[in-house]
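User: I would like to learn how to read the features of a model like this one. Please give the general idea each time and then the case at hand.

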Amino acid sequence: MRLLILNFFLFLNVFCFAQDVDIQPKNISDTILNPKRILKIADPLDGVKTMQKLFPGKLYNLADKNTFISWKCKSCKPSPFLDVNGVEGDQLFPYTQGVATRLLANIDYSDSKGNQFKILAFNHSVHDEDGLQTGRFSGGLLSLAKFAKNGSSWEMRSFQPAVAAFGAFAQCPTPKLVEIGEDQFAFTLMHANGGAGGAYEGYLYLVAGLDGKYQPILEADKYQLTNSSFISWSGSYTVVNDNTKKHFRDIIIKTKGFYNKAARAEDDFDVDFPVEIAEMAKTKKAFSFEIERRFSFKGKFYKMIDKPIVKFSNVK
């Protein structure tokens, strides 16, 4: 019995010690962030191991699948980046306090000629000694690396350490691959944020390669609304393939939702209504709605064309 108790306390001490990790960012060379660097990985390509090649800091594996690389670059010259939250103050990367980099996605796809590609997406956040991601209204900074299959290896074709920041609590949403033209691929991200206890409003972003770099080329507001008792909506998108455009095809976004006036009086927070339903909400007690918007690529950005198509149902 005494031996059993002793073993238990030894296990408890080892467990507690394992959780008390002293996270320290490792200094790396500024050459690591060169977008023209060359990297070849033997097949099969492992996302985490490749992340270590790209950002050779110190790898940590904490509880709840919290795996990240902690690093800093003392010789780097920080550059500004876009945070779609509109955070005030200078947003510079790499962060002077250190960086925590996590693997967001490992995406496989092929073009019409059978060429195989991989996109690795990463999330950068400010170094935290406890391995947390904090900052209520700060997005996670998206990083992208594209690889092409060449025989028994994967060769990096493009690398962008910092694209833009999306999401809340320094956590970028997972990018989804979408084909917007003939062998032209981009990513959608559903960005959502909001005040504590209030509604979360979601935006749809489209990130694509343009002028030699990945950048947001579409921003659609009123795409999603959650955490509200009296009104809610969610969106979906489709790429129009009518053979009129080879690249940067039109995108149709449909938003479906409902409104209930009685529940509005019980909610402590109000929301900004889509313009298309604002008048209906003034005179009706409840209804469901669908809003269809069409976006077309104009110059360097998608813009809404024509008037939105609005349909109401279950009107009371």
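Analyst: Helices (H or I, at least four residues) and strands (E, at least two) are DSSP runs, numbered from the N terminus. On that basis, Pro 44 sits in the loop between strand S2 (40-42) and helix H2 (47-54). The model is a predicted one: local features need pLDDT of at least 70, side-chain atom pairs count only at pLDDT 80 or more, and totals for chains, interfaces and linings use all residues. Residues are numbered from 1 along each chain as its sequence is written, and side-chain values use heavy atoms, with hydrogens and water left out.

User: How many helices and strands does the chain have?

Analyst: There are four helices and 19 strands. The C-alpha trace spans about 70 × 60 × 40 Å along its principal axes.

User: What share of the residues counts as buried?

Analyst: Buried means under 20% relative accessible area, exposed over 50%, and partly exposed in between (1.4 Å probe, protein chains only). Of the 316 residues of the chain, 44% are buried. For contacts, the rule is heavy atoms within 4.5 Å. Among contacts between residues at least 6 apart in sequence, 60% join residues at least 24 apart.

User: Back to Pro 44: what is the peptide bond from Asp 43 to Pro 44, cis or trans?

Analyst: The bond from Asp 43 to Pro 44 is cis, with omega near 0 degrees. The bond from Phe 93 to Pro 94 is also cis, with omega near 0 degrees. Pro 94 is in the loop between strand S6 (92-93) and strand S7 (99-110).

User: Where is Ser 228 found?

Analyst: Ser 228 is in the loop between strand S15 (213-226) and strand S16 (231-239). Its relative accessibility is 14%, so Ser 228 counts as buried. A polar contact is a pair of N or O atoms within 3.5 Å; within protein, one must be able to donate a hydrogen and the other to accept it, and residues adjacent in sequence count only if both atoms are side-chain atoms. The side chain of Ser 228 reaches the backbone oxygen of Ile 231 at 3.3 Å. Leaving aside neighbours within four places in sequence, Ser 228 is in contact with Ala 199, Asp 267 and Val 271.

User: How many cavities of 30 Å³ or more does a search of the whole structure find?

Analyst: Rolling a probe the size of a water molecule over the atoms shows where empty space is left. On a 1 Å grid over the protein atoms alone, a cavity is a set of points where a 1.4 Å probe fits but cannot get out, and a pocket is an open set with protein on both sides within 12 Å along at least five of seven lines; lining residues have an atom within 4 Å of a point. Grid points are joined across faces, edges and corners, and a volume is the space filled by probe spheres set on the points. The search finds one cavity of 30 Å³ or more. The largest cavity has a volume of about 50 Å³. Its lining includes Val 178, Thr 188, Tyr 205 and Ile 251. Strand S12 (176-181), strand S14 (200-210) and S16 are the elements that give two or more residues to this lining. S14 provides the largest share, three residues.

User: What is the volume of the largest pocket?

Analyst: The largest pocket has a volume of about 330 Å³. Of its 16 lining residues, Leu 33, Ser 79, Phe 93, Pro 161 and Ala 162 lie nearest its centre. Strand S5 (79-80) and strand S10 (153-160) are the elements giving two or more residues to the lining of this pocket.
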